[in-house]
Amino acid sequence: MERLHLTLRTLLLLCVVYNVYTYNITDEDQLHKDLFTNYNNELRAGNDRDFPLNVSMTFYLMAIKEFVEATSKFSVNSVFIITWRDERLSWNPAMYQNIQKTMVSQNKIWLPTMVTSNPFEEAQGLGSDLVKVFLYNDGSCVWVIMQSFEVICDANVKYYPFDKQFCSIRFGTYSFDSNWLNITFPNSDINLIYYEENGLWEIEDTLAFSTVDRGAAEIIFGIYLKRRSTYYIASLLVPMTFVAVLQSFVFLLPNESGERIGFSVTMLLASVVFLTLIQEKLPESSEPSVSILGYLLLGYISLGGVVTLVVIISSNLYIETKPVPKWLQHLCCERQTDTDGSELYSIKDVPPAQREDGFKEQCELCWKKIGMKFDRFCFVMSIILYVVQVIIFIAIVRD
Ligand SMILES: *[C@@H]1O[C@H](CO)[C@@H](O)[C@H](O)[C@H]1NC(C)=O
Ligand SMILES: *[C@@H]1O[C@H](CO)[C@@H](O)[C@H](O)[C@H]1NC(C)=O
Ligand SMILES: *[C@@H]1O[C@H](CO)[C@@H](O)[C@H](O)[C@H]1NC(C)=O
């Protein structure tokens, strides 16, 4: 689809060039012969060598093909329009049946060649043999380049999936001294009129400028990107939190059901599945920073591990037969003083009418009550801890 679009646009351009038929092929052939006898394409354009050549560059972003955070690969489809003046290629239209423009192959004339200076794999030069350069009678050259570029863009995933990224496509003019060319950008940004929206990334801003780097001019096209995070909220953040919070409810499961450990471990495994999902998407790097979402998940899993441990301990409480130690007795027993001054123990919540002799012995075996109290306490605590984690995550991500 993308390719077709570009091809159609090329055809359209070709039609525009060929719409004036006041001359014939002999005339144009003569023009080419005259232009290229004694033309040396090794020499930079510009008569006065004391001044830099003015080169105007417009970068049209067509589409963001892909941005793989895990490998730092950023690739785009783009069109460049580069114009400059080469006086050697000017002619008088009156001498050539009013020919105003013509086209030549790129390798026949001098070009302001550039190579990507932050390539993902191999450095790519600008231009291809498939497209020609337009020449106008005043010596203006218009070089239209349709090309895909793959560059390195290190993602900072600290705020993933609410992150913003800055990616740049850089070109170096390493074949020229930095003061041979005066590269200008008509709008000092990237032209987005042909841009097709990307489903994952929203372009917030763009910029274009040139600097001098290692003795050569470096041209930088920067793109500020913002991730569209709705999908990640629905498919990652909400389910992940739901599974984690569900883990707390193990404390409401009756111990007699015998399902508590199974439930805990299953929920823990479900959280680990999310960990795998996130690991696939994010780069394995600790610089510039690790994703806060990763820390949130680590918090969920750690708390899940603690919950599982506590469930095991709590299940043991229910089957304990040893006497309840003194410091725990107040949880289930009431100590009263009888009329004659001797101590009495009674199990809480049992109406006095049903109380029997031997309270003290029963009281020593009230582990089940302690277990239930412990479970209720742990349920509330774990819910609070999950909520605190979510609040901290939101607070960090939002600033
Ligand atoms: C092209 O036009 C020139 C004069 O304008 C004429 O002399 C020549 O014969 C023409 N060539 C052809 C192939 O028609
Ligand atoms: C480049 O452009 C500037 C401003 O338009 C102009 O003054 C200068 O003469 C141009 N340089 C050349 C070599 O044409
Ligand atoms: C470069 O081009 C710009 C715009 O054409 C012009 O204003 C500036 O003076 C030029 N710089 C040099 C060093 O020629």
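# A walk through the helices and sheets

Start by selecting residues 230–246 and 292–318, which are helix 3 and helix 5: they pack at an angle of about 15°, with their axes 10 Å apart. Helices here are DSSP runs of H or I with at least four residues, strands are runs of E with at least two, and both are numbered from the N terminus. Axes are lines fitted to C-alpha atoms, for helices over the stretch in contact, and angles run from 0 to 180 degrees between N-to-C directions.

A word on the model before moving on. This is a predicted model, in which local features need pLDDT of at least 70 and side-chain atom pairs count only at pLDDT 80 or more, while totals for chains, interfaces and linings use all residues. Residues are numbered from 1 along each chain as its sequence is written, chains are lettered from A and ligands numbered from 1 in the order in which they are written, and side-chain values use heavy atoms, leaving out hydrogens and water.

## Stop 1: helix 3 on helix 5

With both helices still selected, which way do they run relative to each other, roughly parallel or roughly antiparallel? Helix 3 and helix 5 are roughly parallel; that label covers angles under 35 degrees, while those over 145 count as roughly antiparallel, 65 to 115 as roughly perpendicular and the rest as oblique. Helix 3 passes helix 5 in a left-handed crossing, meaning that the near helix is turned anticlockwise from the far one by less than a right angle (clockwise would be right-handed).

Now show side chains. On helix 3, the contact is made by Leu 236, Leu 237, Met 240, Thr 241 and Ala 244; on helix 5, by Leu 293, Leu 296, Leu 297 and Tyr 300. Contact means heavy atoms within 4.5 Å. By class, the residues of this contact are eight nonpolar, one polar and no charged. Ala, Val, Leu, Ile, Met, Phe, Trp, Tyr, Cys and Pro count as nonpolar, Asp, Glu, Lys and Arg as charged, and the others, Gly among them, as polar.

## Stop 2

## Stop 3

Next, find the open sheet of six strands, with the order 3-5-6-2-1-8 and mixed pairing. Two strands pair if DSSP finds at least two bridges between them. Strand 3 (101–104) and strand 8 (181–184) stand at the edges, each with a single partner strand, so one side of each has no neighbour in the sheet. Neighbouring strands are turned by 30° against each other on average, direction ignored.

Zoom in on strand 1 (residues 53–68) and strand 2 (residues 73–85), which pair in the antiparallel sense over eleven bridges. Here Glu 66 stands opposite Ser 75 in strand 2. Then select residues 25–36: helix 2 packs on the sheet, touching strand 3 and strand 5 (133–136), and its direction makes about 65° with that of strand 3.

On the loop between strand 2 and strand 3, pick out Gln 97. Gln 97 has a positive phi of about 50° although it is not a glycine.

## Stop 4

- Strand 4 and strand 7 (residues 164–172) are joined by two bridges, and Thr 116 stands opposite Phe 171.
- Strand 7 and strand 10 are joined by nine bridges; Phe 171 has Ile 219 as its bridge partner in strand 10.
- Strand 9 and strand 10 (residues 216–227) are joined by twelve bridges, with Thr 211 partnered by Glu 218.

In the hairpin of strand 9 and strand 10, which has two residues between the strands, select Arg 214: it takes a positive phi near 50°.

## Stop 3: a disulfide and a cis proline

Where is the one disulfide that a search of the whole structure finds? It joins Cys 153 to Cys 167, S to S 1.9 Å; a disulfide is a pair of cysteine sulfur atoms within 2.5 Å. The link is left-handed, with -85° about the S-S bond. Cys 153 lies in the loop between strand 6 (140–152) and strand 7, and Cys 167 in strand 7, 14 residues apart.

Finish in the loop between strand 6 and strand 7, at Pro 161. A cis peptide bond joins Tyr 160 and Pro 161, with omega about -5°.
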